[in-house]
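Subject: Structure handover

Hello,

Here is the structure I said I would pass on. Please open it and keep it beside you while you read the notes below.

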Amino acid sequence: MFLKEMEALMAAITVMAMIFSSASAANIEVGGSTAWDLSTNFTLWSASNPIFVNDSLSFRYTPEHDVIEVSEVNFFNCDTSSPIGAYNDKDGKTVINVTQPGTRYFVCGRSNHCDLGLKLRATVLDSPQIQPNISTPTYPANQTDIHTIPSDSPNNEHALNSSAGQRNAIIWEHARLVLTIYLFAATFIADFVALFGLMVRMVIRIIMLVWSVTAGFTRD
């Protein structure tokens, strides 16, 4: 039934939109406006910037810094001797995608920078799960959709007859309007022709009168 199909379609679209919204990845600028730098307090920054699966961590830094990913033990010891990953891009920007939940550890490998606080403990969370609260209306088994009328029902026949009657009435009204316009135009043309003929007769009479007067003066 049309109404039920539309309600089901709208519910499906809503669920898809919510799933897409929850699964959409974010590009997180590590450190915010101060970026990957000694002036940033990364303990406070990480507490106010949650990271979810499929997000991207964007490290921006100057040539004085680099980005080293290390284990948990090496993170607390500021030990970069056995890195998991080392990044020192020439353009000063490294983007790292996080695809699994858990905790990842990043430090700056330059002298004493890790000890001075240039390190990040990034806790990656599962994507937020949204449980849509969508209720689909139910109908009694014997209830007919208000938009659907059986083809063999008297109501359907009455609706078809009513629709045909309305269509015929509109056609007849348009025909009357067109006929009225034509009659008005014909009457106007007839009146114009009659007036034109009257003017022609008057002109002829004036010419004959002038001719008679002129002829009389000539004889005298």
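Val-193 lies in helix α4, residues 154–219; helices are DSSP runs of H or I with at least four residues, strands are E runs with at least two, and both are numbered from the N terminus. Val-193 belongs to a nonpolar surface patch of about 980 Å², together with Phe-184, Phe-188, Ile-189, Phe-192, Phe-196, Val-200, Ile-204 and Met-208. Such a patch takes residues with over 30% relative accessible area and no salt bridge, and joins nonpolar side chains (Val, Leu, Ile, Met, Phe, Trp, Tyr) within 5 Å. Areas come from the Shrake-Rupley method with a 1.4 Å probe, and for residues only the protein chains shown count as cover.

This is a predicted model: local features need pLDDT of at least 70, side-chain atom pairs count only at pLDDT 80 or more, and totals for chains, interfaces and linings use all residues. Residues are numbered from 1 along each chain as its sequence is written, and side-chain values use heavy atoms, without hydrogens and water.

pLDDT is the predictor's confidence in each residue, from 0 to 100. The chain averages 77, and 66% of the residues score at least 70. Where pLDDT is low, the predicted coordinates should not be read in detail.

The structure holds one disulfide (a pair of cysteine sulfur atoms within 2.5 Å). Cys-78 is joined to Cys-114, S to S 2.1 Å. Cys-78 sits in the loop between α3 and β5 and Cys-114 in the loop between β7 and β8, so the bond ties together parts that are 36 residues apart in sequence. Both cysteines are buried, meaning under 20% relative accessible area; exposed is over 50%, and partly exposed is in between. Cys-108 is in no disulfide, and the nearest cysteine sulfur, that of Cys-114, is 8.4 Å away.

There are three salt bridges, each a side-chain nitrogen of Lys or Arg within 4 Å of a carboxyl oxygen of Asp or Glu. One is between Glu-29 and Arg-60, at 2.9 Å from N to O. Another pairs Arg-110 with Asp-66 at 3.5 Å; Arg-110 is partly exposed at 27%, while Asp-66 is buried at 10%. Glu-69 and Arg-104 come to 2.8 Å. Glu-69 is in strand β4 and Arg-104 in strand β7, 35 residues apart.

Regards

Note on methods: Patch = residues over 30% accessible without salt bridge, like charges linked within 9 Å, V, L, I, M, F, W, Y side chains within 5 Å. Buried < 20%, exposed > 50% of the residue type's maximum accessible area, 1.4 Å probe, protein only.
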